[in-house]
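The exercises below ask the reader to work from the overall fold towards single residues. Please try each task on the displayed model before reading its solution.

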Amino acid sequence: MAFTRATGKHRRPSKARSRAAGGAAGIAGLATVGVVGSIASPAFAASEGQNHTPVQQDAKMSEVVGGPISETLDEQAYTQALRAEQAKAEADAKAEAAKAKAEAKRKADEARRKAAAEKAEKERDAKLKAAREAERAKLNAYVAPVEGSYVSTGYKQGGGMWSSGSHTGIDFHAGMNTPVRSVAAGEVVEAGNGGAYGNNIVIKHKDGTYTQYGHLNSIGVSVGQQVKAGQQIGLSGSTGNSSGPHLHFEARTSPDYGSDIDPLAYLRQHGVKI
């Protein structure tokens with residue numbers, strides 16, 4: 001990191017000032033040496049006869065003593081202050097960088113948590129939607145009234161067994177006490193003896209159509225009860241005008257006799273494969 005020298009605080013010491021200070025110290029030194037020299041001159045004079053070399057005053061001594069030493073100390077102090085300030089600047093820069101890195105990590109972690117929460121919420125919503133659609137499909141689903149069976153007598157088949165001269169429904173092959181199911185969700189509007197139909201059940205469905213289940217051996221629902229598609233409502237039998245155990249099934253536009261429609265076509269148009 002580039003370092004900018006502070007103005008005023010840590011100014012490099014001026015050599016002129018240092019030299020001036022050294023000169024002043026040198027003058028003071030000369031003065032002292034001069035006094036000492038005047039006092040000691042008789043002794044020096046007396047010793048001349050003994051071939052002693054006279055001591056000469058070095059005019060530059062004070063500069064050597066006072067100038068360079070003080071200047072070096074000032075320069076060291078300046079350098080130390082400069083390094084300390086530079087170290088502080090570097091430490092501050094590192095601290096700022098660490099702070100920025102920590103903040104970036106915090107934001108990244110927060111973004112990941114938010115993304116994970118959004119993903120979990122979307123998955124939860126998708127599962128709830130799928131569950132609702134499955135329930136809706138189940139409510140609107142249609143099934144065969146006898147599982148795994150087949151049609152033994154077709155719609156509008158003629159014969160003396162039927163008072164109208166033809167079959168108003170279809171018969172499903174079923175042994176005694178075979179479970180009989182509601183083909184779709186709806187409300188039970190009739191449950192009991194139906195004359196030639198024997199024990200029978202009539203159910204009104206959400207689309208306004210009705211289905212009838214005749215010749216039952218037993219009834220397992222009551223009028224006003226809500227039933228679901230595939231729910232067991234009774235057991236097959238041979239009550240009423242019947243030649244043997246089976247299920248008589250009708251599809252109607254009303255709960256009354258004579259409003260019948262093709263039950264096989266009715267089931268097929270609702271997705272039942274027979």
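This is a predicted model: local features need pLDDT of at least 70, side-chain atom pairs count only at pLDDT 80 or more; totals for chains, interfaces and linings use all residues.

**Exercise 1. Describe the protein chain as a whole: how many helices and strands does the chain have, and in what order do the elements run?**

Step 1. Counting the elements gives three helices and 10 strands.

Step 2. Reading from the N terminus on, the order is α-α-β-β-β-β-β-β-β-β-β-β-α.

Step 3. For the surface, the accessible area of the protein chain comes to about 17300 Å², with 56% of this belonging to carbon and sulfur atoms, while 26% of the 274 residues count as buried.

Step 4. Among contacts with a separation of 6 or more, 62% are made by residues 24 or more positions apart.

**Exercise 2. Locate the largest nonpolar core and find which elements give two or more residues to this core.**

Step 1. The largest nonpolar core has 23 residues, and those with the most contacts inside it are Ile201, Tyr213 and Ile233.

Step 2. Two or more residues of this core come from each of β2 (170-173), β5 (199-205), β6 (210-219), β9 (246-252) and α3 (263-269).

Step 3. The element that gives the most to this core is β9, with three residues.

**Exercise 3. Decide whether His248 is buried or exposed, and identify the polar contacts of its side chain.**

Step 1. His248 is placed in strand β9.

Step 2. Its relative accessible area is 4%, and because the cut-off for buried is under 20%, His248 counts as buried.

Step 3. The side chain of His248 makes a polar contact of 3.1 Å with the side chain of His167, and another polar contact, of 3.3 Å, joins the side chains of His248 and Asp171.

**Exercise 4. Determine whether Asn193 is buried or exposed, and describe its surroundings.**

Step 1. Asn193 lies in strand β4, which covers residues 186-193.

Step 2. The relative accessibility of Asn193 is 62%, and since exposed means over 50%, Asn193 counts as exposed.

Step 3. A polar atom of the Asn193 side chain lies 2.9 Å from the backbone nitrogen of Gly195.

Step 4. Leaving aside neighbours within four places in sequence, the contacts of Asn193 are with Gly198, Asn199 and Asn200.

Step 5. Thr239 is 46 residues apart from Asn193 along the chain, and the C-alpha atoms of these two residues are separated by 9.1 Å.

Technical notes:
Residues are numbered from 1 along each chain as its sequence is written. Side-chain values use heavy atoms; hydrogens and water are left out. A nonpolar core is a set of buried Ala, Val, Leu, Ile, Met, Phe, Trp, Tyr and Cys residues joined through side-chain atoms within 4.5 Å. Buried means under 20% relative accessible area, exposed over 50%, partly exposed in between (1.4 Å probe, protein chains only). Helices (H or I, at least four residues) and strands (E, at least two) are DSSP runs, numbered from the N terminus. A polar contact is a pair of N or O atoms within 3.5 Å; within protein, one must be able to donate a hydrogen and the other to accept it, and residues adjacent in sequence count only if both atoms are side-chain atoms. Contact means heavy atoms within 4.5 Å. Accessible areas come from the Shrake-Rupley method with a 1.4 Å probe; for residues, only the protein chains shown count as cover.
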